[in-house]
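Hi there,

Here is the structure I promised to pass on. Could you open it alongside this note while you read?

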Amino acid sequence: MLTFVAPADPRHHLFPKASPGAAAVRARLTAGSIIRAPGCFDALSARVIEDAGFELGFLGGFSLAAARLGLPDVGLLSYGEMVDQARQVCAATSLPIIGDADTGYGNAVNVERTVLGGARAGLAGVMIEDQRWPKRCGHTDGKEVVGRREAVQRIEAAVRAREDHGLDVLIMARTDANATDGFDEALWRAEAFHAVGADLTFLEAPRSTAEMRRYCDVVPGWKTANLVEDGRTPWLSPAELEEIGYSLVIYPVSMLLDTIAAMRRAAARMEAGDDSTAMRVTFDEARAFLKWPEYEDRLARFEEDES
């Protein structure tokens, strides 16, 4: 039987402390070794990632659209839905979270508002990309990107929003131009994004280790690898990615794919009348993980104060 034990660390309490934010992530990136960031999609999945010992989570659009809407990642999520989900996730964990903000949901002023909203929701970082709206998942067909001027302007707007409002938030700048305009254009955009102040660049869907290595050799600053099961980018180990020159690797859909598989198994088991417990946590383990004892302790303290 699978076990799920509530963390013994006394720092874990009913309501998590605020995330250490972008400063902690920058310090970790500066330290040199690659950071691994699984994708979360709600408060519970963020808690699971934190409990597993990871240092960073990624709130990705594909998983968020699937979990919140039950629909594909094709531009159906709105700014308000993204910020609301980010707020829920960041409130549930002390883990720093980088959030996918798609294209910024409009023009440069919309991008500024999006970065401000993400930071106020508690995100340690916000990702802005150069696709045309409605955008699509980076490992699918049918994508289009905006022109160079608009693409760079989006990142300039994100950086300006951070500076004008004194925000502690990382800007991750993503280009999908490799699939539409070729690898050289994607390199140009990644370099331009770094030049205007992006903290991390993200060249989506390189198709070979040679492209991955060239990206890391040519573009300054911290680089992001995006590994998708059955996707278009070679699946390399963290050590291999670090050797190439990546600073961060995100696994945006891994948790979602396993979650769908687990829910399907559970539904099939129940439909078949199987009461097996071999593939689930116990109810008491779930209560412990969801901090039920901490809730009871806190409630008892209030009751003591009133007596």
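Below is what I found in it, starting with confidence.

This is a predicted model, in which local features need pLDDT of at least 70, side-chain atom pairs count only at pLDDT 80 or more, and totals for chains, interfaces and linings use all residues. Residues are numbered from 1 along each chain as its sequence is written, and side-chain values use heavy atoms, with hydrogens and water left out.

The average pLDDT (the predictor's confidence in each residue, from 0 to 100) is 91 for the chain, and 94% of the residues reach at least 70. Residues 1-12 stay under 50. Where pLDDT is low, the predicted coordinates should not be read in detail.

Next, helix H1, residues 21-31 (helices are DSSP runs of H or I, at least four residues, and strands are runs of E, at least two, numbered from the N terminus). Gly 21, Ala 22, Val 25, Arg 28 and Leu 29 are buried there (under 20% relative accessible area; exposed is over 50%, partly exposed in between, with a 1.4 Å probe and protein chains only). These residues sit on the same side of H1 because they cover an arc of only 125° around the axis, taken from the directions from the helix axis to the C-beta atoms. Thr 30 and Ala 31, on the other side of H1, are exposed. Just after H1, Gly 32 has a positive phi of about 110°.

Finally, Tyr 295 lies in helix H13, residues 292-306. Tyr 295 counts as partly exposed because its relative accessibility is 42%.

Best wishes

Terms used
Contact means heavy atoms within 4.5 Å.
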